[in-house]
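Colleague: I have some questions about how the terms are applied here. Could you take me through them?

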Amino acid sequence: MSSAAPRVGVITFPGTLDDVDAARAVRRAGAEAVPLWHGDHDLRGVDAVVVPGGFSYGDYLRAGAIASLAPIMREVVDGAGRGLPVLGICNGFQILCEAHLLPGALIANAGMHFLCRDVVLGVENARTAWTRDYTAGDELLVPLKSQEGRYVADAATLDELEGEGRVVFRYRDGAPNGSSRDIAGITNAAGNVVGLMPHPEHATSGLTGPSSDGLGLFTSLAAQVAA
Amino acid sequence: MVRPGTSSCHPPRRTLSGVARVVVDVMPKPEILDVQGQAVTRALGRIGVSGVSGVRQGKHFELEVDDAIDDETLHRLAGSLLANPVIEDWTVTRL
């Protein structure tokens, strides 16, 4: 076991918005935030990666489509295959789906409006690399702010996700964006890759967010790496 | 490319209900820099495809219209809503 703080990479693409808050959340969890650049083929030896929110590449083609092919994402896909913990938030979730690290896709919200509001998430899987500090059934108050946040997949995929316990977060009061089966976040089969549409990194202290409920994702990761 | 005001229309294929299918394709004008197409071009290189020197990205609309809708009306709706004539060209095709 190393006494050094876990090193968590935070990727910046052209158009990324939330890398600063993601890095702050990493530091508040006691880990070291390591900036990663979209054009580099280098993960700088990090222990985990956060793909933050924003409008990478201006949402050209489809949200997340161009970013999923950025040089750094080649390294992230390879790393994820070796068990590297990866968290995608909002546009990061879209990028992970476009990169096929997670199944399904995110499309325009039902109702077509950009949604910016606090939502309550129910934690359903507290076994992933990013949710071990929670208990299944916990409720988290975190912001949701997205235009294309409606999670969709074919029925067989949704059944598989639910059957294998890979729905990590669900909108407690119904999905305001029309997501299939109220799904807000999912994980891959191995549990090291998690993506969610709402923003836990904006809910790490009562001073700047609606709660500190989101900090648990980052402390979960830090504790796992340190163990 | 068929310019606005011209038409690649064929005689409409009428259905029993008197509804025709019309396609309107909208593309950025050649002189307009298509940064989205450029981003797609670069991304193609990243999936290992070489030899694609350019991509331009537009929009494809499929309309179901009454037979009473004439070509002039189709071009009017294309030029006033589906496309911005300042930056985009369009074609109208009756299927």
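Colleague: Which residues of helix 3 of chain A are buried?

Modeller: They are A:Asn91, A:Gly92, A:Phe93, A:Gln94, A:Ile95, A:Leu96, A:Cys97 and A:Glu98. Buried means 20 or more other C-beta atoms within 10 Å of the residue's own; exposed means 12 or fewer, partly exposed is in between, and C-beta atoms are placed from the backbone. This is a predicted model: local features need pLDDT of at least 70, side-chain atom pairs count only at pLDDT 80 or more, and totals for chains, interfaces and linings use all residues. Residues are numbered from 1 along each chain as its sequence is written, while chains are lettered from A and ligands numbered from 1 in the order in which they are written.

Colleague: Why is helix 3 of chain A called largely enclosed?

Modeller: Eight of the eight residues in helix 3 (residues 91-98) are buried, so the rest of the structure largely encloses this helix. Helices (H or I, at least four residues) and strands (E, at least two) are DSSP runs, numbered from the N terminus.

Colleague: What covers the buried residues of helix 3 of chain A?

Modeller: The cover includes strand 3 (48-51), strand 4 (86-89), strand 5 (105-107) and strand 11 of chain A. Just after the helix, A:His100 takes a positive phi of about 65°.

Colleague: What makes chain A as compact as a globular protein of its length?

Modeller: Start with the content: five helices and eleven strands. The radius of gyration of chain A is 16 Å, close to the 17 Å of the globule rule for 227 residues, so chain A is as compact as a globular protein of that length. That radius is taken over C-alpha atoms; the rule is 2.2 Å times the number of residues to the power 0.38. Along its principal axes, the C-alpha trace of chain A spans about 45 × 35 × 35 Å. Of the 227 residues, 54% count as buried.

Colleague: Which residues have the most contacts inside the largest nonpolar core?

Modeller: A:Val8, A:Val10, A:Val26, A:Val49, A:Val86, A:Leu96 and A:Phe218 do, in a core of 76 residues. Helix 5 (residues 215-226) of chain A gives the largest share, five residues. A nonpolar core is a set of buried Ala, Val, Leu, Ile, Met, Phe, Trp, Tyr and Cys residues joined through C-beta atoms within 7 Å. Another core, of eight residues, lies apart from it and includes B:Val22, B:Val24, B:Leu74 and B:Trp90. In soluble globular proteins, nonpolar side chains tend to be buried together.

Colleague: Why is A:Gly191 called buried?

Modeller: A:Gly191 has 20 other C-beta atoms within 10 Å, so it counts as buried. This glycine lies in the loop between strand 10 and strand 11 (193-196) of chain A. Leaving aside neighbours within four places in sequence, A:Gly191 is in contact with A:Arg127, A:Thr128 and A:Ala129. Contact means C-beta atoms, placed from the backbone, within 7 Å.

Colleague: How do you know that strand 6 and strand 9 of chain A pair?

Modeller: Pairing requires that DSSP find at least two bridges between two strands. Strand 6 (residues 115-123) and strand 9 of chain A have three, in the antiparallel sense. A:Gly122 stands opposite A:Arg170 in strand 9. Strand 9 and strand 10 (residues 183-187) of chain A also pair in the antiparallel sense over three bridges. There, A:Phe169 has A:Gly185 as its bridge partner in strand 10.

Colleague: What makes strand 9 of chain A mostly covered?

Modeller: Five of the five residues in strand 9 (residues 167-171) are buried.

Definitions and conventions: Two residues are in contact if their C-beta atoms, placed from the backbone, lie within 7 Å.
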